[in-house]
Amino acid sequence: MQYALVSMHVISKQVPNWTWATFEHRFNPGRCDIIGCRDNFGAQTAFVPSNRIAGQGYPDCVKTAALTAMLSSADIDPVYNNYCLKGSQADFVDNVGLDIRVGNSVTEDGFVATSSCITCHGRAAFKADGTPASQAGFLSFGPNGPVAPLGPLLPEWYWKFSGQPPIFEGKPGLTRIATAADFVWSIPFCAYDDTQTPVQPTPCSGK
């Protein structure tokens, strides 16, 4: 029996809001569905629009000379030529203020249209008492909230405020209700309790 990797996410912490990229196998039938595929460096066709009918498949992402040379010089297994960049992001919005959407047709199946890697992982947080924000390690909006929020992180996710604008840290009337966990949902589960002597590690749940 043979197996194949159908999709993968790649992240890097080289910039403050990280770099997020998602790849899909070239034969994935829904690879560019809903939001299209964007690759301004590695694909000869930089943008592939979504088909009107989902699940119909897309042309191969023929690699540019620059990417071909890069893969060759890095001695990358040729099997990775089968993978196409669906999209990437390093910020919440583009240069005209529109929410950046990046969603994989496999791992984000069902909510690609409202998927943003950076916004979703931006909900990774501790509560005010230092415990995880939820059983999953991220801020939850309840059954009526968005499955995948888009755009910038909102102050009301992390603060309760009673004052008038402008609102900024240190101003009276601003109370912290959560603390960001640097985009990593598992951090609140693996943190050390520094209120005890000696410092005690929190059992890591592996989330």
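**Ground rules.** I number residues from 1 along each chain as its sequence is written, and side-chain values use heavy atoms, with hydrogens and water left out. Because the model is predicted, local features need pLDDT of at least 70 and side-chain atom pairs count only at pLDDT 80 or more, while totals for chains, interfaces and linings use all residues.

**Salt bridges.** I looked for a side-chain nitrogen of Lys or Arg within 4 Å of a carboxyl oxygen of Asp or Glu. The structure holds three such bridges.

I took D182 and K13 to start; their side chains meet at 2.7 Å, N to O. D182 lies in the loop between strand 9 (178-180) and strand 10 (192-193) and K13 in the loop between strand 1 and strand 2, so the pair ties together parts 169 residues apart in sequence. Helices (H or I, at least four residues) and strands (E, at least two) are DSSP runs, numbered from the N terminus.

I then checked K86 and E24, which pair at 3.6 Å, N to O. K86 sits in strand 5 (residues 83-89) and E24 in strand 2, 62 residues apart. Both K86 and E24 are buried. I use buried for under 20% relative accessible area, exposed for over 50% and partly exposed in between (1.4 Å probe, protein chains only).

**Positive phi.** I found W18 with phi near 65 degrees, in the loop between strand 1 (7-12) and strand 2 (19-25). W18 counts as buried because its relative accessibility is 8%.

I34 has phi near 75 degrees. I34 counts as exposed because its relative accessibility is 55%.
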